[in-house]
Amino acid sequence: MSAAGVALMLGGAGILLAASPALAADVSYKTECIPPSISGLPPVQGTTKVQLTAPAEAKVGDSVEVVWKTVEAASRNPDVLDLEKDTVKPTGTIEVGGAAAGTLQMEGPRQNPPIPKNSAMVLPDMKGTLKLEKAGEITLTPGAYNINVSKPISTDTKCSPKEAVQPGATIKVTDGGGTTSGGTTTGSTTAGGTTAAGGTTAGTTAGGTDTGGSDSGGTTAGSSGGGGGGQTDFEGKEVSVAYACKTPIGDKNATSPVKINAKKNGGSFDLTVKFSKSVMDSPADIPADSVKPSMEVKLGGADKGTVHVEGPTNKEPIKSGEPIEIPDLTGTYKPGASGRSTLGPGVLTVKALGTTTTCTPPAGVAASLVLDTSSQPGGAVGGSDTGGATTGGGTDSGGGLAETGAEDNGTLRALGLVAGTAILLGGAVFTFTPWRRLRGTR
């Protein structure tokens with residue numbers, strides 16, 4: 001191999017290859033950037049200049065890291081406000097061509113110096129991991145990208161090419177006797193992470209969270225789950241869910257870690273769905289009893305169907321600058337089948353001030369919990385899994401270009417305000433601070 005200094009780093013279900021990068025010139029292309037609608041600004045026509053780095057050579061079966069350096073963004077920070085330090089997060093896509101075909105999701109950290117208004121955008125490098133499954137030359141071409149700004153409210157500027165773009169890097173892939181070969185998919189990719197999930201599907205994991213794991217991707221309750229053995233409390237595995245949200249003014253993408261816990265109650269189970277906490281604030285006052293979340297937990301394995309869980313409304317007003325949360329969602333699962341049943345995050349609904357946002361997880365989202373169940377009269381439908389939580393490790397696909405929130409956990413964006421009117425658009429965000437802590441801060 002002509003690329004020197006090869007370093008192998010074990011990560012997830014594969015091996016990440018970090019070799020000397022191929023030499024590549026900057027790629028420039030005409031770009032149109034659409035500012036957030038709340039800004040009232042027109043589309044911006046500009047030029048994007050990108051430098052891609054990747055190993056010059058690799059073998060079939062390797063997972064290689066690709067780095068996107070934005071030398072010049074097409075849009076500047078407009079003459080509206082100064083952007084604070086570490087409030088800008090880029091995500092983007094690279095088109096994979098040549099001996100393979102597909103799209104590689106790229107993601108950068110929320111990391112930037114202070115950016116004064118009417119000055120050039122300074123974006124951190126984006127990274128992605130590409131699984132190589134076929135010998136030949138693979139081309140990497142930069143494409144669309146998104147710039148998310150988290151303060152004072154979460155907004156997205158979406159930039160897309162307006163002309164054909166030339167490849168920015170090429171990888172020569174040789175047949176190294178790997179376990180996978182042939183096909184046209186690019187394999188699993190991890191946006192911004194260092195793990196390769198393995199498999200043959202071109203899935204993505206927003207934020208680089210490994211949602212895999214043994215036994216249906218969730219925590220197994222053990223043989224006592226369905227009866228006997230004395231165990232009553234079962235803790236699920238936290239899985240990162242890339243939601244696609246339908247809002248009153250358009251589609252939004254958001255990622256949040258979710259965990260499902262269960263407590264045995266006779267032949268049924270009391271469920272508690274928990275969202276991990278994050279730190280973001282409300283941009284305006286929100287009255288009491290105006291935010292109501294609920295979810296349909298997906299069943300799979302021996303059982304099928306859904307279980308409705310819901311949380312309380314906010315009991316106290318939330319003032320501007322204070323955190324908004326999704327509290328614990330609770331409900332009762334009465335099994336409709338005997339065997340090993342999986343429970344995974346399902347459709348999330350958030351109602352606020354007369355509006356509704358519906359957030360749907362990807363089809364392959366991993367299960368959080370596995371229970372040994374015994375069929376109960378009037379229980380869930382029962383039978384084989386038809387679209388519930390997958391019995392494989394699962395990957396968070398469709399993370400999209402609009403994830404926001406704390407860098408380590410992410411957050412579910414669902415609530416925004418324009419001219420003092422609350423609308424569910426992904427402009428402002430939920431944070432996951434328990435109610436008792438929230439009340440204690442007032």
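Here is a short chat about the cores, salt bridges and a surface patch in this predicted model.

User: What makes the largest nonpolar core a core?
Analyst: The term means a set of buried Ala, Val, Leu, Ile, Met, Phe, Trp, Tyr and Cys residues joined through side-chain atoms within 4.5 Å. The largest such set here has 37 residues, and Trp68, Leu140 and Tyr145 have the most contacts inside it. Strand E12 (136-149) is one of the strands that each supply at least two residues, and E12 gives the most, with five.

User: Which residues does Leu140 touch?
Analyst: Contact means heavy atoms within 4.5 Å. Leaving aside neighbours within four places in sequence, the contacts of Leu140 include Leu52, Val66, Ile94, Leu130 and Ile171. There's also a second, separate core of 33 residues, with Val258, Ile286, Val307 and Val350 among them.

User: Why is the Lys259 and Glu235 pair called a salt bridge?
Analyst: The rule asks for a side-chain nitrogen of Lys or Arg within 4 Å of a carboxyl oxygen of Asp or Glu. Lys259 and Glu235 are 2.7 Å apart, N to O, so the pair qualifies. Lys259 lies in strand E19 (residues 250-265) and Glu235 in a loop, so the pair ties together parts that are 24 residues apart in sequence. The whole structure has nine salt bridges.

User: Why is Lys259 called buried?
Analyst: Buried means under 20% relative accessible area, exposed over 50%, and partly exposed in between (1.4 Å probe, protein chains only). Lys259 comes in at 19%, so Lys259 counts as buried.

User: And Arg340 with Asp372: buried or partly exposed?
Analyst: One of each! Arg340 has 39%, so Arg340 is partly exposed, while Asp372, at 14%, counts as buried. Their side chains meet in a salt bridge at 3.2 Å, N to O.

User: What makes Leu41 part of a surface patch?
Analyst: Patch residues have over 30% relative accessible area and no salt bridge; like charges are joined within 9 Å, and nonpolar side chains (Val, Leu, Ile, Met, Phe, Trp, Tyr) within 5 Å. Leu41 has 36%, so Leu41 passes the area cut-off. Together with Val80 and Leu81, Leu41 makes a nonpolar patch of about 230 Å², with areas from the Shrake-Rupley method and a 1.4 Å probe, where only the protein chains shown count as cover for residues.

Technical notes: Residues are numbered from 1 along each chain as its sequence is written. This is a predicted model: local features need pLDDT of at least 70, side-chain atom pairs count only at pLDDT 80 or more; totals for chains, interfaces and linings use all residues. Side-chain values use heavy atoms; hydrogens and water are left out. Helices (H or I, at least four residues) and strands (E, at least two) are DSSP runs, numbered from the N terminus.
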